[in-house]
Amino acid sequence: MALTNNRAVLQWIEEQIALTKPSQVVWIDGSEAQLEALRAEALTTGELYQLNQEKLPGCYLHRSDPHDVARVEGRTFICCDKQENAGPTNNWMPPQEMYTKLRKLFDGAMAGRTMYIIPYSMGPVGSPFAKYGLELTDSIYVVLNMAIMTRVGKEVYDALGDSEDFVKGLHAKADLNPEERYIVQFPEDNAIMSINSGYGGNVLQGKKCFALRIASYQGQQEGWMAEHMLILGVQNPAGEVRYVTAAFPSACGKTNLAMLIPPEGYEKDGWKTWCVGDDIAWIRLREDGRLWAVNPETGFFGVAPGTNSSSNYNALASTQKNTIFTNVALNLDDDTVWWEKMDKNPPKNLLDWKGNPWNPEMATEPAAHPNSRFTSPVKNCPCISDHFEDPQGVPISAIIFGGRRAKTAPLVYQSRNWHHGVFVGSIMASETTAAATGAVGVVRRDPMAMLPFCGYHMADYWQHWLDMGEKTPRAPKIFNVNWFRMNEKGEFLWPGFGDNLRVLEWILKRAFDEVDACETEIGYLPFVDDINLTGTDITTETMEELLRIDRELWREEIANVQEFYGKFNGKVPGALREELRELERRLTDHT
Ligand code: GTP
Ligand code: SPV
Ligand code: MN
């Protein structure tokens, strides 16, 4: 029975039923009883495998199709009316042409299957930040993941009322054919269609499709921002909590920074951290002249490999109940999960992510897929912030950009002002990771970590950033970090993880004018002594190396950025081109 009288909702659903022709339609109401029945059904079909319910209560393993393990950027489209509004960094097709193509693929795609109607909210229901969506899907896995990642339930219909302002999302697994896989956003129609995938960011439409691609466009139209950012509160020994957001590309450390454990000495001194979000931030200017952020999600869809009790205790703790693991390895001895770097000794009796026997001697591939993930409720996190559900969000003092750069980018630097900070974000570059299909380890420009997620022209997006700064009297300070700088032997110079708090301490002091800095051509750098290294074995020489500016590399960087900016057909905002010229001038003057 329909859970709403909203005519726009009912009519749209009817059309999608007529198109996809499911044999059954189920209205998801968000109740635990209904979800439990779906889990039971998924166990009988093999879509889920029940893990050890004593050790991992409420936890399940899912293995995706081996050719469907990551986002597919080459098959992701922004279909707005004019190609120039999608810009050179997005795939585009005229909306009508794409609708025609997709209608053929969706025609009868749910025949013999059940359509689940998922009502969901991004952001606390009723909050000024909240936006609502519906996802129609034929995947129980999608229903169960969406129920962890978003606020699913009848209250969404109540909040929506008669309004037509909801995102219309349609998803069908079809036959998972990678050649016919499409992840399509229609920003001007508030619509998403994805087909022939069952994995992660391709199909959990609340996440990248809505909360970034559609929402970034909405943000530009309505004067707010949707960003690929974690949100973290850092409590100092005086008891004051200051918030940062940080944009790092996929699999570059957001989840880890978002819930870091302070190093021992810091903990003794009374430092604490509070996680608000690990992947997406929606940001609005409030009456007090500051930018405030909410995490629109309610779960973590986190990278499993590398997660262990010392790298990220809080993430590991978050996965100990009510979690869905995707493409990790299975320990047959006790029905628990395993992945690379969970501990040193892989279990003896292990099945790899494809379900085949695995041992280190015969292995040619890792046991867990490099992009294997856990879907865990945010409320499992031991350091979840009291403000997580706050409908107004938290005030941001610093915005941090960063990526994986073996060289070039120093451990940390501060931009000179908002314009320069936007420039720093626009020239971000990082080595690619397993989060998307394609080559891994190739350096590419990934502005604000939004390259695969910006729902409109990237240069207009930069202008929107500049505009937001103009109208924000107490704008956050903007920084850049690089936890991944390497020595000649290819080893990381910086310990990372919990020790990143040492850098955050400096950043937050800078944001409140509590420490001096060294002015350089690229921005403000810390004086070596101003990063607290007590309790580490990091030498002054290592620190100097971490903070060294290699002018030769920076000149190469400028040439590369010029080429990158050149792709935007003269649309790069003047303020950013000016920043690039100024940077070049400062680097030339130096020699
Ligand atoms: P998405 O969920 O894809 O958006 O990724 P994310 O940015 O949340 O990345 P995540 O925190 O899951 O980190 C991914 C990988 O980076 C893991 O393998 C981590 O072990 C590694 N990593 C995270 N933080 C650090 C760090 O400070 N230093 C080093 N060396 N590695 C790190
Ligand atoms: C990312 O790739 O940035 C993710 C994972 O957070 S996914 O949901 O698959 O996009
Ligand atoms: Mn992400």
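Biologist: Which element gives the most to the shell around ligand 1?

Modeller: Helix H9 does, with 3 residues. Keep in mind that this is a predicted model.

Biologist: Which residues around ligand 1 come nearest?

Modeller: Ala251, Lys254, Thr255, Asn256 and Arg373 do, out of 21 residues around the ligand.

Biologist: How do I read the polar contacts of ligand 1?

Modeller: Look for pairs of N or O atoms within 3.5 Å. Lys254 uses a backbone N or O atom, 2.8 Å from an oxygen atom of ligand 1. Arg373 places a polar side-chain atom 2.8 Å from an oxygen atom of the ligand. For Asn500, a polar side-chain atom lies 3.0 Å from an oxygen atom of ligand 1.

Biologist: How much of ligand 1 does the protein bury?

Modeller: Taken alone, ligand 1 exposes 650 Å², and the protein buries 91% of that. Two elements give two or more residues each to its shell: helix H9 (254-258) and strand S17 (299-303).

Biologist: Where does ligand 1 sit?

Modeller: In the largest pocket.

Biologist: Which domains each supply at least three residues to the shell around ligand 1?

Modeller: Domain 2 (227-295 + 388-550) and domain 3 (301-376). By residue class, that shell divides into 10 nonpolar, 7 polar and 4 charged.

Biologist: Now take ligand 2. Which residues surround ligand 2?

Modeller: Group them along the sequence. Arg71, Gly200, Gly201, Lys207 and Lys208 are among them. The list also includes His228, Ser250, Asp279 and Phe301. Arg373, Ala435 and Phe453 belong to it as well. Arg373 is also one of the residues that come nearest to ligand 1.

Biologist: How does the shell around ligand 2 divide by residue class?

Modeller: Into 3 nonpolar, 4 polar and 5 charged.

Biologist: Which polar atoms face the oxygen atoms of ligand 2?

Modeller: Start with Arg71, where a polar side-chain atom lies 2.9 Å from an oxygen atom of ligand 2. Gly201 has a backbone N or O atom 2.9 Å from an oxygen atom of the ligand. Asp279 has a polar side-chain atom 3.4 Å from an oxygen atom of ligand 2. As for burial, ligand 2 taken alone exposes 280 Å², and the protein buries 98% of that.

Biologist: Which helices each supply at least two residues of the shell around ligand 2?

Modeller: Helix H7 (200-203) and helix H8 (206-222). At the domain level, domain 1 (7-30 + 71-222) and domain 2 (227-295 + 388-550) each give at least three residues to that shell.

Biologist: Now the backbone. How do I read a phi value?

Modeller: Most residues other than glycine have a negative phi. Then look for exceptions. Ala174 has a positive phi of about 50°, although it is not a glycine.

Biologist: Where is Ala174 found?

Modeller: In the loop between strand S8 (166-172) and strand S9 (182-186).

Biologist: What is the phi of Asn190?

Modeller: It is positive, about 55°, and Asn190 is not a glycine. Asn190 lies in the loop between S9 and strand S10 (191-195).

Key
Residues numbered from 1 in each chain as written. Chains lettered and ligands numbered in written order. Predicted model: local features only at pLDDT ≥ 70, side-chain atom pairs only at ≥ 80, totals over all residues. Heavy atoms only, no water. Near = heavy atom within 4 Å. Polar contact = N/O pair within 3.5 Å; in protein donor to acceptor, adjacent residues only side chain to side chain. Areas by Shrake-Rupley, 256 points an atom, 1.4 Å probe, with all protein chains shown as cover. Helix = DSSP H or I, 4+ residues; strand = E, 2+ residues; numbered from the N terminus. Nonpolar A, V, L, I, M, F, W, Y, C, P; charged D, E, K, R; others polar. Domains from an automatic or database assignment. 1 Å grid on protein atoms, 1.4 Å probe; cavity = no way out; pocket = protein on both sides within 12 Å on 5 of 7 lines; lining within 4 Å. Sits in = over half its atoms within 2 Å of the grid points.
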